[in-house]
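Please view the sequence and the structure together while reading.

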Amino acid sequence: SGVGDVGPAVIRDREISARVGFVIVSANIEQQTGKLLSEPHIVSRGFVYLRDAEDLLDQIRENVTTLLNKNRNNSSNNRRLMIEDSLSKLIYSETKRRPMIFSIINEV
């Protein structure tokens with residue numbers, strides 16, 4: 001009936017998030033050169049307890065850093081999709097779980 005109503009699509013998204021969790025990777029790159037400006041930032045909710053998953057987080061950081069450095073000439077959207085695909089495979093191979101994966105590339 002107004003702002004704040006929760007429809008079926010929102011309920012479905014919340015149920016999926018509750019079952020599988022999510023991982024967000026954010027990276028800052030230089031707009032002209034595509035160079036990675038800082039280490040990628042990783043946020044995880046409902047997937048793994050981050051303090052117990054340092055090895056996995058290191059693998060994720062290394063994977064994202066390598067992908068971004070090798071694909072500097074690709075568009076941000078292509079790099080974002082490549083990160084999500086690569087991390088999906090990596091995380092499944094390490095955990096046998098498939099969290100939702102989101103990547104954000106900030107061009108500075």
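## Surroundings of Ser-103

Leaving aside residues up to four places away in sequence, Ser-103 touches Val-25, Arg-80, Ile-83 and Glu-84; contact means heavy atoms within 4.5 Å. The model is a predicted one, in which local features need pLDDT of at least 70 and side-chain atom pairs count only at pLDDT 80 or more, while totals for chains, interfaces and linings use all residues. Residues are numbered from 1 along each chain as its sequence is written, and side-chain values use heavy atoms, with hydrogens and water left out.

Ser-103 belongs to strand E3 (residues 100-107). Helices (H or I, at least four residues) and strands (E, at least two) are DSSP runs, numbered from the N terminus. With a relative accessible area of 6%, Ser-103 is buried; buried means under 20% relative accessible area, exposed over 50% and partly exposed in between (1.4 Å probe, protein chains only). A polar atom of the Ser-103 side chain lies 3.0 Å from the backbone oxygen of Arg-80.

## Helix H2

The 17 residues of helix H2 (residues 54-70) should span 24 Å at 1.5 Å a residue, and the end C-alpha atoms are 24 Å apart, which agrees. The expected span is 1.5 Å times one less than the number of residues.

The buried residues of H2 are Leu-56, Leu-57, Ile-60, Asn-63, Val-64, Leu-67 and Leu-68. Seen down the helix axis, these buried residues fall within an arc of 125°, so they line one face of H2; the arc is that of the directions from the helix axis to the C-beta atoms. They pack against strand E1 (22-29), strand E2 (41-45), helix H3 (76-95) and E3. On the other side of H2, Asp-55, Glu-62 and Lys-70 are exposed.

Conventions. A polar contact is a pair of N or O atoms within 3.5 Å; within protein, one must be able to donate a hydrogen and the other to accept it, and residues adjacent in sequence count only if both atoms are side-chain atoms.
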